[in-house]
Amino acid sequence: MSGILANEDRHFLATVRGLRDWPISLEDSRAALEVALALEESAARGEPVAVGSSHI
Amino acid sequence: MEPVRCAVIGVGMMGASHVGVLNGLTSANLIGCCDVDSKSRSRVPEGVRFYENLEDLVARPELEAVFVCTPQDVHLPVINRCLQAGVAVFCEKPLAHDLASADRIIAAAAQSDSLLVVGHTMRFDPNYLEIVAAVAAGEIGEPVYLTARRNVPAFEGHMLARRTNLPVEVGIHDIDILRWIGGDITRVYAEPARTASLGEGAVDAVIGTLRFASGAVGIVEFNWVMKSETGLAGDYRLSVFGTEGAAYLEMRDLRRRYSRKRGCGCRGPADKQTSTERCRGSSPMRTATSSLR
């Protein structure tokens, strides 16, 4: 993992300097969180959950 | 490139990992670490200033960027303060612990001139990137069935099960990759296992089905109860079956097996012959077994 973390940190630092673009948007980060929360809600309720309808 | 003057906020497990990396990068000048727990000072290299108070850190005029590695439920106030201070922010996944906080963070970033990114580490793992690229290049056709597995050692479960949950803390790595490959996910159905090994009511494992907007389906499986006696540092898998082939990655016990197989284009068995006998044209594009160092 340390090699991958170094890749990531190096990329961020280069992004700070304007030399690289970050490969994931905030919207995509939010969308991944939304699915994860939907899985958590589904596990708690014991039924399917439509992503975007989560109450968590 | 001039080294970026940076700091790590939250020097727990992930924060300490970033500290170790940054302290060795020529593109970083680690000028501080901050943690409300004074015992975290022991994880800070000599010569790097330690702060218990965030205000003292962000008051440093030379600070350019921070790595936010705190518990998720304080990402909002920490990131807000850093954006106000005009420093670039790297936020360890997940963006927040709930969507309301995530939305407030995104709104704050939109109002700020400072950079905010979220660290989804698998997007920097060449093993995963190779599969993403193969799918993007059309090598396996349209994704039909996608699966991901991420099983991690029990010490992570013991450390985290009381303050976060398995899909958000562990599964989000694979959820991001599956979305990157397969597109939006519209419906999920999860089943948890609760054996009390992590404490009464705590979830040990989750399996889930996914429905993609494209019509594809998927399965995810996560657990954080892998005993150290197994000798496994991690057990990960990604598979993508498409209309023209398949790609899969398996990483267990630091050994990687990676294959891509392109279909031969035939339509399957026409008679009693098996599809293997018929498909003599199928070609393994790559098979590699190697030890990761």
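**How chain A meets chain B**

In this predicted model, 44 residues of chain A are in contact (heavy atoms within 4.5 Å) with 61 residues of chain B. A word on conventions: residues are numbered from 1 along each chain as its sequence is written, while chains are lettered from A and ligands numbered from 1 in the order in which they are written. Local features need pLDDT of at least 70, side-chain atom pairs count only at pLDDT 80 or more, and totals for chains, interfaces and linings use all residues, with side-chain values taken from heavy atoms and with hydrogens and water left out.

Let's begin with the interface. Together the two chains bury about 4500 Å², with 74% of that on carbon and sulfur atoms; buried area here is the accessible area (1.4 Å probe) that two parts lose on being put together, summed over both. On the chain A side, the residues that lose the most area to chain B are A:R17, A:L26 and A:L39, together 15% of what that side buries.

A:R17 turns up again in the polar picture, where its side chain forms a salt bridge with that of B:E64 at 2.9 Å, N to O. The rule (a side-chain nitrogen of Lys or Arg within 4 Å of a carboxyl oxygen of Asp or Glu) finds 3 salt bridges across this interface. Which elements of chain A supply two or more residues to the side that touches chain B? They are α1 (2–16), α2 (26–45) and β1 (49–50), named from DSSP runs (helices H or I, at least four residues; strands E, at least two) and numbered from the N terminus. The largest share, 18 residues, comes from α2(A).

The strand β1(A) also pairs with β8 of chain B (residues 185–193), antiparallel over 2 bridges; two strands pair if DSSP finds at least two bridges between them. Here A:V49 stands opposite B:V188.

Moving into chain B, follow β11 (residues 235–242). With β7 (residues 143–153), β11(B) pairs in the antiparallel sense over 8 bridges, and B:T147 stands opposite B:S239 in β11(B). Strand β11(B) is also joined by 7 bridges to β12 (residues 245–252), again antiparallel, with B:M251 in β12(B) as the bridge partner of B:Y236. A hairpin through 2 residues joins β11(B) to β12(B). As you look along such strands, remember that in a regular strand the side chains alternate between the two faces of the sheet.
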